[in-house]
Amino acid sequence: MKIRLQFLFSVMAALLSSICANGQKNDTDRAKFEKALIECADYVSSIVLDDEGKSQCDYNMTEGIWYPYEIPWHTGQAILGLLSAFEITQDSTYLKKAIQGGDYWAGLQIEEGPLKGMLNAVHGDVLGDEFIVFATVSDGTPGIYELSKVTKDKKYATVATSSASWLMNNTYYAEEGVCYDVIHPSGKVLKQNSPFWKDLENRQTLFHVARPNTEGSLFLDAYDFTGEKAYKEAFINLCNSLVEKQGPEGLWMQFMPNHNDVKSFHPRFNIWYAESLIRAFETTNDRKYLEAAAKTARAYQKAQKADGTIYYKNYIDGKLPDRGSICGSSVAFSGILWMKLAQNGYDEFNDNIDLSANWLLKNRYKSDHPDVNLAGGVINTRVRYNRNNKIWFVNRDVGTSFALRFFKDYINYKFD
């Protein structure tokens with residue numbers, strides 16, 4: 001707490017001194033973003049991650065109740081966000097909470113039976129607590145591997161790599177460049193029918209039950225941690241599959257949670273793939289991966305509105321987005337992608353990066369908001385209709401987790 005207060009005082013001092021001085025706009029701006037980062041980190045460490053260290057996920061604003069939803073990946077992203085805040089502030093409060101989250105995450109490892117070594121990454125929500133989903137593991141692992149790097153404790157990366165091993169041995173379909181999505185508690189990998197597509201019954205194709213699944217770059221992180229080449233080969237093969245299967249609009253419309261039947265695309269899913277392609281470029285120096293990532297970035301550039309907003313559901317056929325759900329996590333994650341590309345020579349995204357930065361500054365619940373479950377968080381709403389026979393209106397934790405990553409990257413990109 002003392003370190004955080006000292007850092008906050010230094011931020012405020014920089015703000016005051018820069019207001020009084022000429023030519024200090026950069027100092028003023030940096031202080032604003034550092035202050036926003038602190039407010040978001042306080043929210044994640046005190047509200048988003050509970051007393052066990054797990055993410056509370058979705059806050060129903062009409063009920064005042066938190067609901068779980070893919071807890072492992074939400075927790076992993078919160079950990080990564082807190083580590084981003086720790087990098088900037090060196091406040092041990094954020095690191096301690098990230099460690100608590102990592103201990104919870106590692107405690108989900110299955111220790112016996114056919115799933116031994118795998119993470120108990122149940123999806124929740126529409127699938128309930130029965131099925132384990134590949135991406136529920138992998139979307140959370142970047143924070144877990146980063147935690148091992150920061151703490152120098154191999155425990156976290158070891159658990160993540162154990163899951164990577166199980167997934168590669170049981171879900172990876174190398175010839176088609178995909179991994180199967182859903183695993184039954186018995187250990188059976190669902191290769192014919194996915195519970196995500198119940199309406200199709202026995203008419204499902206390979207792409208209904210499997211995807212390239214490079215979200216989180218799990219296999220590459222497992223390679224970096226172990227040096228085992230099989231992980232790297234699998235990761236590159238899956239990235240080659242991404243390049244091959246990418247549509248002309250820069251997306252992967254054939255895979256859920258995109259919906260090609262109505263031409264809608266998800267606000268984050270494709271960005272995860274693009275992020276993994278940038279890592280493939282960094283690993284191989286082959287620019288085909290970088291250009292594929294840029295195609296995705298251009299799709300989200302088109303989706304961003306003049307004020308910086310990106311909505312949850314967007315369309316590739318010119319239809320206006322569904323404005324009922326405002327997706328702060330996409331504003332932040334798109335900005336992270338645009339910055340990575342800008343650092344590789346793509347200056348076409350500069351205006352969008354600043355749009356995202358200003359949007360995230362302005363579109364947060366005030367730190368003294370009367371509802372402590374929102375105070376300090378980023379706006380990330382989702383409205384769903386006829387869920388549990390009522391309108392389902394939530395603010396999601398991931399808006400703030402991704403904003404922390406964005407603020408860290410933006411401070412380093414813009415001011416260092």
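A crossing is left-handed if the near helix is turned anticlockwise from the far one by less than a right angle, and right-handed if clockwise. I start with that rule, then turn to the helices.

**Entry 1: basis.** I am working on a predicted model, where local features need pLDDT of at least 70, side-chain atom pairs count only at pLDDT 80 or more, and totals for chains, interfaces and linings use all residues. Residues are numbered from 1 along each chain as its sequence is written, and side-chain values use heavy atoms, without hydrogens and water.

**Entry 2: two helices.** The crossing is left-handed. H10 brings Ile 236, Cys 239, Asn 240 and Val 243 to the contact (heavy atoms within 4.5 Å). H12 brings Lys 288, Tyr 289 and Ala 292.

**Entry 3: largest pocket.** I used a 1 Å grid over the protein atoms alone; a pocket is an open set of points where a 1.4 Å probe fits, with protein on both sides within 12 Å along at least five of seven lines, and lining residues have an atom within 4 Å of a point. The volume, the space filled by probe spheres set on the points, is about 980 Å³. Of 39 lining residues, those closest to the centre are Tyr 69, Pro 257, His 259, Tyr 312 and Arg 382. Strand E11 gives the largest share, four residues.
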